[in-house]
Amino acid sequence: SVSPIGVGVANKRSADDEALLRAIGETNPIGDTLHILDCRPKLNAEVNQVKGKGYEHASNYAATRLTFMNIENIHAMRSSLKAFLAVLKKQAAAGETSMPELEKSGWLEHLRMVLRAALHAARLLEHDRASVVVHCSDGWDRTSQVTALAQLALDPTFRTRRGFETLVAKEWLSFGHQFAKRCGTIAPLERGAQSSEEQSSPVFLQYVDCVHQLCEQFPSAFEFNSLYLAELLHHLTSCLHGTLLGNCERQRADLPPTLPLWPALSEPRFVNQSYAPGAHTTLHIDPGAVRPWTAYYCRGAERIKMEQLPLLETRCSQLADETERLQSW
C-alpha cells in the first residue's frame with residue numbers, strides 16, 4: 001500500500017481511503033483492530049505531509065493501530081551501503097575484519113530494522129490473527145521488502161525456488177518496484193522520465209541480503225542457497241535477462257524479447273544440499289543475528305576468507321554436478 005493521498009499540510013481527509021481501510025478491517029471475524037505498519041520513521045512521515053503523503057490519524061481511522069517501523073529512505077540506504085563497502089575495501093587491503101567499523105556504516109542496522117518490521121508483521125498475522133496493512137511513501141520499496149520477508153517467514157512454499165520466484169513476481173514486479181531507477185539499468189525512454197543517482201538505491205539488494213540472513217539462521221529451511229542469491233543479484237544489473245528490467249510491467253512488455261531469468265537459476269549448484277522440507281513451518285527471525293555477507297560483498301578479494309557455509313555449498317554443488325555428469329554416461 002502507499003501512504004494516504006490528500007492528507008497534507010491542510011490535514012485534508014480522504015474519504016475513499018478511510019472507507020477502504022474500514023472495509024479491510026471488517027473482513028476479519030476474529031480481530032477488531034486493523035494494524036497499519038508505516039515503514040517510515042514518524043519524522044519522515046510528518047515531513048512527507050508537505051508533499052501530500054501523510055499518514056493515518058487515529059481520529060479519522062476508527063479501529064486502527066498505527067506503528068512506525070523506522071526504516072530509513074532510499075538516500076540513507078545508498079549512503080550507508082557506500083560507507084559499508086568502503087570499510088570492507090579498507091579491511092580487505094589490510095587483511096583484517098573489524099565489526100565496530102562495519103557497524104558505523106549503518107548498513108547492518110538497516111538490515112535489522114527491515115527484519116524487525118517483517119518479524120512484527122509476521123507475529124501480528126500468526127499470533128494475533130490480525131489484519132495488517134503495510135505501506136511506506138509510495139508502496140514499492142520498503143513495503144515490498146517487509147511484505148515479502150514476512151511471507152518468507154510464515155509460508156514454507158516461498159522458501160522453494162519456484163515459490164521464491166512467485167514471491168518476487170508478486171511483491172516486487174507486480175507492485176511496481178522501479179528496478180531501472182533503483183539499479184540504473186534499462187528501461188524504455190519516456191517523456192518526463194528521469195533517472196539519476198538520486199533515484200538509485202540498493203533496495204532489492206538489501207532485501208536479498210535479508211533473505212541471506214534468514215538462510216544463515218535457518219540452514220535447512222530454504223531449497224536454494226547463497227550462490228543462488230548471489231547469482232540473482234548478478235543478473236539484477238547484468239541485463240542478460242528482461243525479468244528485472246524496467247520500472248513496471250508495461251515497460252517490460254515494451255522491451256525487445258529477452259530470455260527469462262529464472263531458468264538460468266535452475267542449475268544443481270544453486271540447490272541447498274541441507275534443505276529439509278517440512279522441518280520449519282514459521283521462521284522466528286532474530287534481527288540481532290545479522291552478520292556481514294562477506295562472501296558476496298568481498299567476492300574477488302583474495303585476502304578475505306569466505307564463510308564456511310558458502311564454501312560447503314560450493315563443494316556440494318560441484319559434487320552434484322559431477323554426479324549428474326556420471327549418471328548421464
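Aromatic pairs, then. A search of the whole structure, which is a predicted model, finds 16 of them. The one I want to show is Phe164 with Tyr207. Their ring centres are 6.3 Å apart and the planes are at 0°, so this pair is stacked. Phe164 belongs to helix H7, and Tyr207 belongs to helix H9, residues 203-217. The pair therefore ties together parts that lie 43 residues apart in sequence.

Stay with H7, residues 161-173, and look at its packing on helix H6, residues 142-154. The angle is about 150° and the axes are 10 Å apart. Angles over 145 degrees count as roughly antiparallel, so that is what H6 is to H7. Their crossing is right-handed. Who makes the contact? From H6 we have Ser144, Gln145, Thr147, Ala148, Gln151 and Leu152. From H7 we have Phe164, Leu167, Lys170, Glu171 and Trp172. Sorted by class, the H6 and H7 contact has five nonpolar, four polar and two charged residues.

Now the other partner, helix H5, residues 107-126. H5 and H6 pack at about 55°, and their axes are 8 Å apart. The two helices are therefore oblique to each other. This crossing, too, is right-handed. On the H5 side the contact uses Val114, Leu115, Ala117, Ala118, Ala121, Ala122, Leu125 and Glu126. On the H6 side it uses Gln145, Val146, Leu149, Ala150, Ala153 and Leu154. By class, that contact has 12 nonpolar, one polar and one charged residues.

Three strands form an open sheet, in the order E2-E1-E3, with parallel pairing. What are the edge strands? They are E2, at 64-68, and E3, at 131-135, and each pairs on one side only. Neighbouring strands are turned against each other by 20° on average, ignoring direction.

Between E1, residues 34-38, and E3 there are five bridges, and these two strands run parallel. Within that pairing, Leu37 stands opposite Val134 of E3. Helix H1, residues 15-26, packs on the sheet and touches E1 and E3. The direction of H1 makes about 125° with that of E1.

To recap: H6 is roughly antiparallel to H7 and oblique to H5, while H1 packs on the sheet. That is what I had.

Methods: Residues numbered from 1 in each chain as written. Predicted model: local features only at pLDDT ≥ 70, side-chain atom pairs only at ≥ 80, totals over all residues. Heavy atoms only, no water. Axes fitted to C-alpha atoms, helices over the stretch in contact; angles between N-to-C directions. Helix = DSSP H or I, 4+ residues; strand = E, 2+ residues; numbered from the N terminus. Parallel < 35°, antiparallel > 145°, perpendicular 65-115°, else oblique. Left-handed = near helix turned anticlockwise from the far one by under 90°. Contact = heavy atoms within 4.5 Å. Nonpolar A, V, L, I, M, F, W, Y, C, P; charged D, E, K, R; others polar. Pairing = 2+ DSSP bridges. Phe/Tyr/Trp six-rings, centres within 6.5 Å; stacked < 30°, edge-to-face > 60°.
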